[in-house]
Amino acid sequence: MTAKVITDLPGPRSTELAALADRYIPKAVFNVHQVFAQSADGALLTDVDGNQFIDFTGGLGVLNVGHLPPPVVEAVTAQLARFTHTCFHVVRYDGYVRLAETLARITPGDFDKKTVLVNSGAEAVENAVKIARYATGRPGVVVFDHAFHGRTQLGMTMTAKPMPYKAGLGPSAPEIYRMPFPYGYRCALGPHPDDECAVHCADYLEDAIHTTIGDERVAAVVVEPVQGEGGFNVAPAAFLRRLREICDRYGILLVADEVQSGFGRTSRMFAVDHAGVVPDITAMAKSLAAGFPLAAVTGRAELMDAVHVGGLGGTYGGNPVAIAAALAVVDMLENGGLLDDGVRLGAQLEAGLAPLAEKHPLIGQHRGLGAMRAVELVTDRESRSGATAEAAAVIKGAAERGLLLLKAGTYDNVVRILAPLNTPPDLVDEGLAILDEALTAAR
């Protein structure tokens, strides 16, 4: 067994550090797991008490290439020997330009593109909205049920889930309009299969543009092709294509939030690639730079150029060390076989979760796209009532057996898997076996 838990969790050293954290860190800064990391490599993480875990969290979707991938470490080390910061607005550097060129090439769409680099997913989404509003001269932004777009004021307004992301933290930003998402397992417009739910949701959205918002008031539709915090709800390809048609019909910009789903997580470079849909603007972060804080907004050149000089940017946006990591990540995905690894991982996870869903009545549905996989837990399959407490028990029980997992979902009842794309097959099997044990114990 690779997973090895030798102490109670948290162990004595983690407990000591937790007491210090309680003293100096606000309680609002939540932690899923109560251990403290000592080292990590690939898909394994060791805590300060010597416990070794299989890591299916990927630093919350940031480590598609795993912990400490050698090409990234080498690229970052080389950049550290040159310089760490100049601020691109003060003195430019080649990495920013080379990454912008790379993102123009790999993002969907055969047209001229430009990129602004920022620090986080929320910042990328906010800049995408700023650009869309400026370029169209329209204020309205359409978002969806179960969406997550960040924790800043605009980001939390665009985010659907009130607790813990929005409650008491307002006021909300104006001109944000929420529409049903085709979450077939819980279709907001009635009990419909995924494809029918997609049709009804798209019809509802188009009608709302006419009757509620106004045809000339919508700047952008912002959509996660696979909802992350919302529970790994996959937007059917037909729905994404219909969004593209609606946007084209009314002069609306389609913004793809690929913050969690990008850079190989769905076994393709971007999740929209599965549907063959081309957004006008793509927001990216998380696994772009293998753990270094970096995000990007890439869009049609004429849209990106619409904003006045000085309207986009920031002091730390496009840090040269993070850019070096990002260029290495893209090279690993394109030339290092990681996308092929992601295809294999996705197939192995799908094949491994299917028998667990048959075995455990606690699992209402297993779903996902490529290597972005999850199970939704319910108290019973007929009512589909969310098994919130049981999901927490599964996360805790898996950790006690050496597997780190995350929850998700509007009802906190989804267990998601964000394993590195190159996780060895035997380690995936071991992780799934631990999940099986944790599900059994949580019943």
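Are E376 and R186 buried or exposed? Both E376 and R186 are buried, where buried means under 20% relative accessible area, exposed means over 50%, and partly exposed lies in between, as computed with a 1.4 Å probe on protein chains only. The structure is a predicted model, in which local features need pLDDT of at least 70 and side-chain atom pairs count only at pLDDT 80 or more, whereas totals for chains, interfaces and linings use all residues. Residues are numbered from 1 along each chain as its sequence is written, and side-chain values use heavy atoms, with hydrogens and water left out.

**Salt bridges**

The side chains of E376 and R186 meet in a salt bridge, a term that stands for a side-chain nitrogen of Lys or Arg within 4 Å of a carboxyl oxygen of Asp or Glu. E376 lies in strand β12 (residues 372–377) and R186 in the loop between β6 and α7, so this pair ties together parts that are 190 residues apart in sequence. Helices (H or I, at least four residues) and strands (E, at least two) are DSSP runs, numbered from the N terminus.

E216 lies in the loop between α7 (194–213) and β7 (218–223), and R138 in the loop between α5 (121–136) and β5, so their bridge ties together parts that are 78 residues apart in sequence. E216 is exposed, with a relative accessible area of 59%, whereas R138 is buried at 12%. E16 and R13, by contrast, both lie in helix α1 (residues 12–24), 3 residues apart, which is about one turn of the helix; R13 counts as partly exposed at 35% relative accessibility.

**Aromatic rings**

Rings of Phe, Tyr and Trp (its six-membered ring) pair if their centres lie within 6.5 Å, and planes under 30 degrees apart count as stacked, over 60 as edge-to-face and the rest as tilted. By this rule the count comes to 9 aromatic pairs. F88 and Y93 form an edge-to-face pair, with 5.4 Å from centre to centre and 80° between the planes, and both residues are buried. F83, F88, Y93 and Y96 form one aromatic cluster.

The rings of F148 and Y165 have their centres 4.8 Å apart and their planes at 65°, so this pair is also edge-to-face. The pair links distant parts of the chain, with F148 in the loop between β5 (140–144) and α6 (153–158) and Y165 in the loop between α6 and β6 (176–179), 17 residues apart. F148 is buried, with a relative accessible area of 18%, and Y165 counts as buried at 10%.

A charge sits over a ring if NZ of Lys or CZ of Arg is within 6 Å of the ring centre and within 35 degrees of the ring normal. K113 lies over the face of F111 at 5.5 Å from the ring centre, and R300 lies over the face of F111 at 3.8 Å.
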